Amino acid sequence: MKVKLLTTAVCASLALTAWADGARAADALNLSLPATAAGTAALAQSQDAQSQDASQATDEQKKAKELNKIVVTGSLIPRAQIETATPSVQITAEDIKAQGFKSVYEALKSTPFATGGVQGNQDSASFTQGAQTLSLFGLDPGFTLILVDGHPLADYPLLYNGESNFVDLSSIPTAMVDHIDIVPGNQSAIYGSSAIAGVVNIVLKQKVDGIDLGVRVGGYSQGGGASQRISLVGGHSFGKLDAIFGLQYDNSDPIWAYQRNWTDSYLDNPSGNGVASRDRLHLAYSLPDFSYLGYIDPGEHACDGITNLFNGTEKYQYRPGSGYYCGSTETAGYTTLKNKYQDTAGYLSLKMPLGDNAQAYANFIFDHSKVFYNVGSGYTWWGANDGGYFVDANAGQLALAQWAFAPEEVGGYENIGSNQVKDAYNSTIGVRGNFGDSDWAYDAYYDRSQVWVTSHERERMSAKIDAYFENLFLGPQLGEWYGYPVYAPDWDKFYTNAITPEVYRSFTDMLTSKSQSWMQHVNAVFTNTNLFDLPGGSAGIAALVQAGNQHWSLRPDQRFVDGEVWGSVRRTGH
């Protein structure tokens, strides 16, 4: 089964702006973070200058208003940061290094606009474990436009929370970032609905002399999560051709919940109501009226044969209002709070002048990453006939059985976890320059980006796992009662037996699903920052003509489609 989506679009955009002259520029709003101290000092200096009488202003104070222009790339029209009332944030490579951020995601997450919680590498049971994204003002990540050197990136081929498109930030190599410009708020007038929350433009290094080798290591005092990064960035000129290259490798170990004392046990529940997990459970309903009977008490010594499970914490438990069963308060620790992550990225940038007024350029980024994650005690089997209730012929009851696979039964959770492998590239080739000596500039380019994600998931296979538990304690199926299978189970065997890793592997398999997305555009941008004069200053204009298309496809493992995966087809009777 393969799902495809192909979209083609041709669009044009025109923007016109006017800004104040140099004398009024100091009154415009200017925010620059995280360089907080510098921004505060500049604002204070501006307020002091305004409070003094103009006739008493010194020559030095007048000169202080002649500010150098800083180009902000969050707009199609090149303009100075001091000339716009749009608040902007710039994070430089020095800021990233000084603050110890190990990724573009971490740097962006530190800004005051990133107020929304997002799924990412800290999730072990989400739809996009290997991706990193951003939520500005608590809005869906799809409403933040992510650009690299002003060019868009292809959407991640798996849906965020299973619902919406978004761009993955983990493909951007941190060592190659020069600075990041953020223009928060509604920018959809220029960029479309993908910029309702704001625009983030990641600007990569444009000039490098020599070679820079960097090594970064880090860890946590409580263990787990150790990380290493090695990067190599260099540049060289071959006559008129300027080349910049970069390579980066990242490795990050997982953090398990048992490595943190506030997540290692259900007893950490701040409400004080922490109860043990239900690892071996038998519950029932009376027939024919279906009255709930609660958990069927296996007896005080029923769990004695499996007390070695979950690191020796499995024992006879009681849950108020329900009954007795076998469980452990420590199963909460066997999940990854932060997934194991490996990433290799490369970057190449080429520039060459074409005469006095034009330049040819090409940029290419490649990224290969792999994330390992584990959902912990979510590895379970319950019921029969693909996860449903069954009739206990011995007791005349409708029953449900639950068996949670302990680390000792599967060979260690770290050895059976699933993983996602991502390959991505982003490429741009174009020509930019000016029309003669005029104020008209152009940028004509072709961009293409593509992402492949291969998901490997260890799954329970319906026929094999149901056959195993029928042989272990259910016995042969005796028939059906209104759609429910009928068995004569031996509950002693259910409670006293533990399986081996070899047995676990016999009824599970690794399933592979593949998805991909790509996007490509042909673009032409024309700008003039000095079109004509207005009373408040010069007027500028920008025009964009763009044609492009995009593609998305998903090819799940055929066994998912055919219903061979346990729990994918629920049969609970009629």
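**Cross-links along the chain**

At 22% relative accessibility, Arg559 counts as partly exposed. This is a predicted model, and in it the side chain of Arg559 meets that of Asp509 in a salt bridge, with 2.7 Å from N to O. The two partners come from distant parts of the chain: Asp509 sits in strand E25 (residues 508–534) and Arg559 in helix H12 (residues 558–561), 50 residues apart. Asp509 is partly exposed too, with a relative accessible area of 30%.

Another one joins Asp367 and Lys422, whose closest N and O atoms are 3.2 Å apart. Asp367 lies in strand E17 (residues 358–373) and Lys422 in strand E21 (residues 418–434), so this contact ties together parts that are 55 residues apart in sequence. Both Asp367 and Lys422 are buried. They also belong to a network of salt bridges that takes in Asp168.

Then there is Asp242, which pairs with Lys207 at 3.8 Å, N to O. Here strand E9 (residues 241–252) supplies Asp242, while Lys207 comes from the loop between strand E6 (198–204) and strand E7 (210–218), 35 residues apart. Asp242 is partly exposed at 29%, whereas Lys207, at 52%, counts as exposed.

Finally, the structure holds 1 disulfide. Cys303 and Cys326 form it, with their sulfur atoms 1.8 Å apart. Again, distant parts of the chain are linked: Cys303 is in the loop between strand E12 (292–295) and helix H7 (309–312), and Cys326 is in strand E14 (residues 323–327), 23 residues apart. The link is left-handed, with -90° about the S-S bond, and both Cys303 and Cys326 are buried.

Definitions and conventions. Residues numbered from 1 in each chain as written. Predicted model: local features only at pLDDT ≥ 70, side-chain atom pairs only at ≥ 80, totals over all residues. Heavy atoms only, no water. Disulfide = S-S within 2.5 Å. Helix = DSSP H or I, 4+ residues; strand = E, 2+ residues; numbered from the N terminus. Buried < 20%, exposed > 50% of the residue type's maximum accessible area, 1.4 Å probe, protein only. Salt bridge = Lys/Arg side-chain N within 4 Å of Asp/Glu carboxyl O.
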